[in-house]
Amino acid sequence: MLALTAAIVWSVADRKRKNYDLLLYWVMVFIRYYLAFTLMSYGVYKVIKTQFPFPYYHLTETYAESSPMGLLWNFMGYSTAYNMFTGLAEVTSGIFILFRKTATFGALVSITVLMNVVALNFCFDVPVKIYSSNLLLMAIFIAIPDMQRLINFFFRNKAVPAVNIQLRFPKRWMKITWLSVKILLVASVLYNTVSGVWEGYKTYGDTAIKKAPLFGIYNIETFIKNKDTLAPLLTDSVQWKQLNIAFANYAMVKTMSDKTIGYGFIVDSVKKTVQFINSRDSAENQIFNFSYPDSSHLVLKGTHKADTVCIVMKKFDQMNSLLLSRGFHWINEVPFNK
């Protein structure tokens, strides 16, 4: 509404001006660079698989427990190759938009890419619907000046003359200065984006996740409270059912009543202790000693809300799950759809 009001006031106040060619030129430059850098940023987050980590926290959940957005994130997080494919499409379209001779082609590619992104955001209830729609409109805005040429080429089978692309800088030193600024700007944005994403990948990427201390999914076999072994009652909101550790500093506990609690997670490998931190309820904070009786079991001993507890759990072999063990097949004699 603010933009609409400003446009009306501006149009009335400046109604005698014949054209806004110069303003349009610089608005187009701004839109091209903004869209290009945004696409390249999102693309790098997929090529260096950080936006969609592998869904280790959701391997033991049912589909019904997922939100629509969570289902999309799990789907994307499963395949590194598909992340790279979609990421390279975004990066490539962004690079093409940066250059005037390829801007129209880049706009067409980015329209194709962003239509899929917008559809996913709307269909899976991702909270960037308006933002992604704005990015799509920017790509369309870049293509609009060549709309008649595109219609003639694609739909009317007519010859399309080349467009005479002229710089807005009459002097040679201005052209050199602009080119130098452009190269430095693009290089700095790419460097900052890639280096920032890489730092995130070292902490949250699939490879880093597997190196987290005590990494794995553990199903509780025995829960001993004050020397009494508790019966596995499905209504018990205190007794643990499962412990899921994927990130180095975060763990998820599922109780017998299927209540999920997220904890900050600090492991001291020297003292053999692990600290659970609940930022919402300090009474849930606890420190346990941990030990490995054998290669498949983990034991936690400590105090939980003034009660002494001993939790014996067995590690879930993730590679036994169909999702991880299926692998890739060039030829399927019959559809394997389960």
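A residue counts as partly exposed when its relative accessible area falls between the buried limit, under 20%, and the exposed limit, over 50%. In this predicted model, Ile 144 has a relative accessible area of 46% and is therefore partly exposed. Ile 144 sits in the loop between H6 and H7.

Ile 144 also belongs to a nonpolar surface patch, together with Leu 137, Ile 140, Met 147, Ile 151, Phe 153, Phe 154 and Phe 155. The accessible area of these residues together is about 810 Å². H6 and helix H7 (147-154) each contribute at least two residues to the patch. H7 gives the most, with four residues.

Thr 104 lies in helix H5. Its relative accessibility is 18%, so Thr 104 counts as buried. Beyond its neighbours within four places in sequence, Thr 104 is in contact with Asp 146 and Leu 150.

In soluble globular proteins, nonpolar side chains tend to be buried together. The largest nonpolar core here comprises 28 residues. Those with the most contacts inside it are Leu 35, Phe 37, Ile 97, Leu 98, Leu 114 and Ile 142. At least two residues of this core come from each of helix H2 (21-47), helix H4 (80-97), helix H5 (103-123), helix H6 (129-143) and helix H8 (172-204). H2 gives the most to this core, with eleven residues. Leu 98 is in contact with Arg 32, Tyr 33, Ala 36, Phe 37, Met 40, Lys 182 and Val 186, neighbours within four places in sequence left aside. Another core, of 22 residues, lies apart from the largest one. Tyr 218, Ala 251, Ile 261 and Val 309 are among its members.

Notes: Residues numbered from 1 in each chain as written. Predicted model: local features only at pLDDT ≥ 70, side-chain atom pairs only at ≥ 80, totals over all residues. Heavy atoms only, no water. Core = buried A, V, L, I, M, F, W, Y, C linked by side-chain atoms within 4.5 Å. Buried < 20%, exposed > 50% of the residue type's maximum accessible area, 1.4 Å probe, protein only. Contact = heavy atoms within 4.5 Å. Patch = residues over 30% accessible without salt bridge, like charges linked within 9 Å, V, L, I, M, F, W, Y side chains within 5 Å. Areas by Shrake-Rupley, 256 points an atom, 1.4 Å probe, with all protein chains shown as cover. Salt bridge = Lys/Arg side-chain N within 4 Å of Asp/Glu carboxyl O.
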